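Please keep the sequence and the model in view while working through the numbered points.

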Amino acid sequence: MIYPKIPLAQSIIEICLAKGITNIIISPGSRNAPLTIGFVNNPAFKCYSIADERCAAFVGLGMAQQTAHPVALVCTSGSALLNYYPAFAEAFYSQIPLVVISADRPQSKIDIGDGQTIRQENVFENHSLYNANLHEDVSAENDLKINEAINTAISQKGPVHINAPFEEPLYETVSELSVKVNTFASANVTETISIEDLSEFATIWNNATKKMILVGVNEPNTVNDKVIEAFAKDESVVVLTETTSNLHHDTFINNIDTIITPFTNEDFENFRPDILVTFGGMVVSKRIKAFLRKYKPKHHWHIDSWRAYDTFGALTHHFEVNPNVFFETFLPLTNAIESNYFNQLDAVKALRKLKSEIYLDKIPFSDFKVFDRVIQGLPINSHLQISNSSAIRYAQLIDIHPTIEVYCNRGTSGIDGSTSTAIGAAVANKKPTIFITGDIGFLYDSNALWNSYIPKNFKIILINNGGGGIFRILPGHEETPVFNTFFETSHCLTAENLAKMYGLEYTIASDEVSLESGLIALYAQNEKPCILEVFTPTLQNDSILLQFFKELV
């Protein structure tokens, strides 16, 4: 076996191995050579070389999203480290474990004019769950910090930073380890909640005729069927889910904006819940957030092992426990109560469904028409990644098959790494993965394609409307050079030459007939990753979408 000669590098690598961190994404550099040598020469590790650190971090995020286990990111010193920050922040808000290991120069070389140096210690402090600022020499203190960092990433589900200073020479190797590392596991915490803890809340629940459950970003299969059925049978409970909630039942509302956008003030007042229960991550729908901030519930309970955001300015209690554990203890304490809360909304749901079908049948080829066809035609049991901005918002309006797992970077809601994240997820989960994206997000993250790990069954559906279409449906839109240049980012670019450069199959669609044939060809191709680029009319998309909400009543 070949090891780096530098003992500190040996310690980091051996502790990673002991903790089961075997997916290592390395961005080439010189200062991180000791780590690269050690990871690459040990067959226990699966190493990936991705040159662009921003893309590398999002690929790692996608992998960790799927495996629920930390991925290590390894970079050289200087500004390379800063390129990890967008993915690092996303990992923090989406509660995804990442371990950043940055090579650094010794402290004596910082701020003296030496090349490729910045102040790397604590650079992610605002979003890091743990910062391990190591010293050059091997020590029990260093081992403790490395252990604490990795244990924190695993137990608290988030990003951590290990900063390791190395002095030259960097490339020397040895055939035997010179260190004996100390490893220790984090304490195993069994999540429980007692009947006593819940009795007063059960009393509140049993006296309320309007209970709303709102589910944000959620992993598939995290809520058991018994809990789901209990929600579905209670006529005083309305369950609102989002595309990213991965929670399904025929009685649940899975297109929130379609239901509530046409509401009058009287409708909103009638819809105001006595109790709001939330779990899962960030909520996409701006309309439900605006509604609950104005028409506040008397009680808002959030269920999450680690965090509770007061998104609606109404939070009254945070249950620091897994949702399944909570409901399995709580539901036996509840009683059925007479209410028309569910039935009223279910009638609205049926009306909206009918009106939606009528509208979609009559509109011309447009973003809305394309998203409806694409999402309804997704292969069952597939894995879907969606980019931010317009793409995830259109997806919220359309029913999706319950066998399809859906993911989107909603921690920070940025467009900057959606393609890279989707590729990382496809590498990790091995399932057929479809990525739906808009043109601006795709172009922004085009370096995501600059690697040799994209699976053959990875498919990109790129909806190109010639700019940031979401800005056309926001207040303030007007056809001016300033708007078109600085808000919408108008362009005439396509993905054709990018596909050619990176060896992806490429087809286009610009009407319903070519979209149908394009989708058939897309799903038939499994010999290489492919892009289907769909061109939609820039100037019509916004009016078609806005008119949709007017015709739902």
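1. Buried means under 20% relative accessible area, exposed means over 50%, and partly exposed lies in between, with a 1.4 Å probe and protein chains only. The model is predicted, so local features need pLDDT of at least 70 and side-chain atom pairs count only at pLDDT 80 or more, while totals for chains, interfaces and linings use all residues. Residues are numbered from 1 along each chain as its sequence is written, and side-chain values use heavy atoms, with hydrogens and water left out.

2. Helices (DSSP runs of H or I, at least four residues) and strands (runs of E, at least two) are numbered from the N terminus. Helix α11, residues 323–330, is mostly covered, since 6 of its 8 residues are buried. These are Pro-323, Asn-324, Phe-326, Phe-327, Thr-329 and Phe-330. Their cover includes the helices α6 (195–206) and α7 (225–233), together with the strands β11 (275–279), β12 (299–303) and β13 (317–319).

3. The start of α11 also deserves attention. There, a side-chain oxygen of Asn-322 comes to within 2.8 Å of the backbone nitrogen of Asn-324.

4. Where is Gly-411 placed? Gly-411 belongs to the loop between β15 (405–407) and α15 (418–429). With a relative accessible area of 12%, Gly-411 is buried. Leaving aside residues up to four places away in sequence, Gly-411 is in contact (heavy atoms within 4.5 Å) with Glu-90, Tyr-93, Ser-94 and Met-282. From Phe-263, Gly-411 is separated by 148 residues in sequence and by 29 Å in space, C-alpha to C-alpha.

5. Side chains of opposite charge can pair when their charged atoms come close. A salt bridge is a side-chain nitrogen of Lys or Arg within 4 Å of a carboxyl oxygen of Asp or Glu, and the structure holds 11 salt bridges. One of them joins the side chains of Lys-145 and Glu-141, at 3.4 Å from N to O. The two residues are 4 apart in helix α5 (residues 140–156), and are therefore separated by about one helical turn. An α-helix has 3.6 residues a turn, so residues three or four places apart point the same way. Lys-145 counts as buried at 18% relative accessibility, whereas Glu-141 counts as partly exposed at 41%.

6. Another salt bridge links the side chains of Asp-257 and Arg-287, at 3.6 Å from N to O. Because Asp-257 lies in helix α8 (residues 256–260) and Arg-287 in helix α10 (residues 286–294), the pair ties together parts that are 30 residues apart in sequence. Asp-257 is buried, with a relative accessible area of 11%; Arg-287 is partly exposed, with 34%.

7. Lys-353 forms a salt bridge with Asp-399, in which the closest N and O atoms are 3.8 Å apart. Lys-353 lies in helix α12 (residues 341–362) and Asp-399 in the loop between α14 (390–395) and β15, so this pair ties together parts that are 46 residues apart in sequence. Both count as partly exposed, Lys-353 at 46% relative accessibility and Asp-399 at 34%. Through salt bridges that share partners, Lys-353, Glu-357 and Asp-399 are joined into one network.

8. Two strands pair if DSSP finds at least two bridges between them. Strands β18 (residues 505–509) and β19 (residues 530–535) pair in the parallel sense over 5 bridges. Within this pairing, Ile-508 has Glu-533 in β19 as its bridge partner. Between the two strands the chain passes through helix α19 (residues 512–524), and this β-α-β crossover is right-handed: with the strands pointing away from the viewer, the path from the first strand over the helix to the second runs clockwise.

How values were computed: A polar contact is a pair of N or O atoms within 3.5 Å; within protein, one must be able to donate a hydrogen and the other to accept it, and residues adjacent in sequence count only if both atoms are side-chain atoms.
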